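I opened this entry to record what I looked up in one chain. The notes are in the order in which I took them.

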Amino acid sequence: MTQLPTLSPVNPAVMHSLTKEIQGFSKNRLKKQCTRVTMVTGRKLLERRSDGGEEQVEELEEGSGCGFVEDQSLDLQVGVVRPFLLLASQDAAHDMDTLQRHKVSHVLNVAYGVTNLFPDQLVYKTLQILDLPDTDIISHVGECSSFIDGAREQDGVVLVHCNAGVSRSSSIVIGYLMLREELSFDDAYSQVKQARPSIRPNPGFYHQLQRYKP
């Protein structure tokens with residue numbers, strides 16, 4: 001008959017020390033978590049996880065941060081793609097001095113949730129487009145191109161903008177050059193990039209434009 005091994009008794013002092021360490025661990029050694037989230041609508045949320053594992057969510061006011069300093073400087077750089085076609089961020093679209101300096105008469109707003117500040121002085125067209133890879137950006141190129149053409153026929157100057165002037169608006173301008181000037185994607189992208197070096201269509205827009213055959 002096989003004899004079972006004999007278990008050694010646990011030292012009470014060791015057990016007490018281990019129990020005390022476990023009890024103190026959750027309160028003293030767990031790292032608090034703080035995550036800053038920006039929704040597609042522009043809302044900024046702060047998610048906190050407490051020592052006890054409870055999750056709290058609060059909405060941040062503009063200018064709030066979580067462990068870093070936000071860049072509050074304005075982006076007033078305007079890319080001149082054509083004499084009648086400009087590309088910029090919402091900051092430039094909201095700055096009347098910049099608009100007047102570039103003789104802007106029409107504004108094509110393809111941002112989500114960005115208001116038009118000068119409706120009595122400028123001609124606006126607004127399309128609320130989400131900057132998501134699966135958004136069908138090509139479906140908007142024709143309508144936007146017609147607006148740009150209308151402004152050009154009136155000897156106007158169109159400023160195309162989204163929020164940052166990086167993805168949505170640049171994609172529309174690239175699409176316009178491909179549609180109206182029959183440029184290849186590479187040529188259109190290169191010319192828009194030269195006018196505004198910060199452009200960067202999201203991967204979905206980039207691939208859609210690569211496959212675009214006007």
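**Whole chain.** I noted at the outset that this is a predicted model. I counted the secondary structure and found seven helices and eight strands. The chain has 214 residues, and 36% of them count as buried. I then looked at contacts between residues at least 6 apart in sequence: 57% of these join residues at least 24 apart.

**Strands E4 and E5.** I looked up how strand E4, residues 79–82, pairs with strand E5, residues 85–88. The sense is antiparallel, and the pairing runs over three bridges. For Val 80 I wanted the bridge partner in E5, and that is Leu 86.

**Asp 95.** I placed Asp 95 in the loop that lies between helix H2 (90–93) and helix H3 (96–101). Which residues is Asp 95 in contact with, leaving aside its neighbours within four places in sequence? I found Leu 76 and Phe 118. I also checked Asp 95 against Leu 117, which is 22 residues apart from it along the chain; their C-alpha atoms are separated by 9.1 Å.

**Helix H5.** I took helix H5, residues 168–180, and tested its length. With 13 residues at 1.5 Å a residue, H5 should span 18 Å, and the C-alpha atoms at its ends are 18 Å apart, so the two agree. The expected span uses one less than the number of residues.

Is H5 mostly covered or mostly uncovered? I found it mostly covered, with eleven of the 13 residues buried. The buried residues run through Arg 168, Ser 169, Ser 170, Ser 171, Ile 172, Val 173, Ile 174, Gly 175, Tyr 176, Leu 177 and Met 178. Just after H5, I noted that Glu 182 takes a positive phi of about 55°.

**H5 against H6.** I next looked at how H5 sits against helix H6, residues 185–195. Their axes come within 9 Å and cross at roughly 130°. That angle makes H5 oblique to H6, because only angles over 145 degrees count as roughly antiparallel and 65 to 115 as roughly perpendicular. I recorded the crossing of H5 past H6 as right-handed.

For the contact, I listed both sides. H5 brings Ser 170, Val 173, Ile 174, Leu 177 and Met 178, and H6 meets them with Phe 185, Ala 188, Tyr 189 and Val 192.

Terms used:
Residues are numbered from 1 along each chain as its sequence is written. This is a predicted model: local features need pLDDT of at least 70, side-chain atom pairs count only at pLDDT 80 or more; totals for chains, interfaces and linings use all residues. Side-chain values use heavy atoms; hydrogens and water are left out. Two strands pair if DSSP finds at least two bridges between them. Helices (H or I, at least four residues) and strands (E, at least two) are DSSP runs, numbered from the N terminus. Buried means under 20% relative accessible area, exposed over 50%, partly exposed in between (1.4 Å probe, protein chains only). Axes are lines fitted to C-alpha atoms, for helices over the stretch in contact, and angles run from 0 to 180 degrees between N-to-C directions. Angles under 35 degrees count as roughly parallel, over 145 as roughly antiparallel, 65 to 115 as roughly perpendicular and the rest as oblique. A crossing is left-handed if the near helix is turned anticlockwise from the far one by less than a right angle, and right-handed if clockwise. Contact means heavy atoms within 4.5 Å.
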